[in-house]
Amino acid sequence: MPETPEGLLARLTAAGIAAETRHHPAVFTVAESQDLRGTLPGGHTKNLFLRPAKGDGPFLLATLEESRQISINALARLAGSGKVTMGSAEELLAILGLTPGSVTPFGLVNAPPARIRFVMDAGLMRHPRIWVHPLVNTASTGLAPQDLLEFLAGLGHETRLLELDGA
């Protein structure tokens, strides 16, 4: 059974991570979420769930600054992966326990580390707080980016920070 948002937030609290969650109407795109900017100060993210084009190797989950523009194959090369395509809704649910529109690094609570590679835009580290979905797209959780990385490391997921400013 996939983790619930409530279970995830309890895990953050148990880990001593200061996180704030705000509920809002469902958002499915960066454009829809931009209406929340005045109430959610900090860095805002977009997330890509990618599958290996040839079916070999781990899936790729990338968390980027919301305004970042990069082709998925350029991103995959920087991440040390081969060619990729967008993962399907069925794969997203099976691997991360998420539905489209709710992609988040917190989905890694549901994935074995060998199944997925996680990369994050190094530019997000400059923000004191970043916002990601707590497994659903009807809320956003703000936390320090370093706290996110430490939480994921505690689950066995390494994060590769990607310098994308010149990409």
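This is a predicted model: local features need pLDDT of at least 70, side-chain atom pairs count only at pLDDT 80 or more; totals for chains, interfaces and linings use all residues.

Reader: Which residues of α5 are buried?

Author: In α5, the buried residues are P145, L148, L149, F151 and L152. They cover an arc of only 160 degrees around the axis, so they lie on the same side of α5.

Reader: And what covers the buried residues of α5?

Author: The covering elements include α1, β5, β6, β7 and β8 (159–162).

Reader: Which residues touch the most other members of the largest nonpolar core?

Author: That core has 27 residues, and those touching the most other members are F49, L96, F106, L108, I116 and F151. The elements that give two or more residues to this core are α1 (5–14), β3, α4 (89–96), β5, β6 (130–132) and α5 (145–154). Of these, α5 gives the most, with 4 residues.

Reader: What does F49 touch?

Author: Leaving aside residues up to four places away in sequence, F49 touches F59, L60, T85, M86, G87, S88, E91, L92, I95, L96, V103 and I116.

Reader: Let us turn to the strands. How many residues of strand β3 are buried?

Author: In β3 (residues 59–65), 7 of the 7 residues are buried, so this strand is largely enclosed by the rest of the structure.

Reader: Which way does β3 run against β2, parallel or antiparallel?

Author: Strands β2 (residues 43–52) and β3 run antiparallel and are joined by 6 bridges. For example, N47 has T63 in β3 as its bridge partner. The two strands form a hairpin with 6 residues between them, and G55 in the turn has a positive phi of about 80 degrees.

Reader: What about β3 and β5, in which sense do they pair?

Author: β3 pairs with β5 (residues 116–121) in the parallel sense, over 5 bridges. Here L61 has F118 in β5 as its bridge partner.

Reader: One last topic: is S140 buried or exposed?

Author: S140, which lies in strand β7 (residues 139–143), has a relative accessible area of 7%; because buried means under 20%, S140 counts as buried.

Reader: Which side chain does S140 join in a polar contact?

Author: The side chain of S140 is joined to that of H24 by a polar contact of 2.8 Å. Beyond residues up to four places away in sequence, S140 touches several residues, including E20, L40 and W131.

Technical notes: Residues are numbered from 1 along each chain as its sequence is written. Side-chain values use heavy atoms; hydrogens and water are left out. Buried means under 20% relative accessible area, exposed over 50%, partly exposed in between (1.4 Å probe, protein chains only). Two strands pair if DSSP finds at least two bridges between them. A polar contact is a pair of N or O atoms within 3.5 Å; within protein, one must be able to donate a hydrogen and the other to accept it, and residues adjacent in sequence count only if both atoms are side-chain atoms. Contact means heavy atoms within 4.5 Å. A nonpolar core is a set of buried Ala, Val, Leu, Ile, Met, Phe, Trp, Tyr and Cys residues joined through side-chain atoms within 4.5 Å. The arc is that of the directions from the helix axis to the C-beta atoms.
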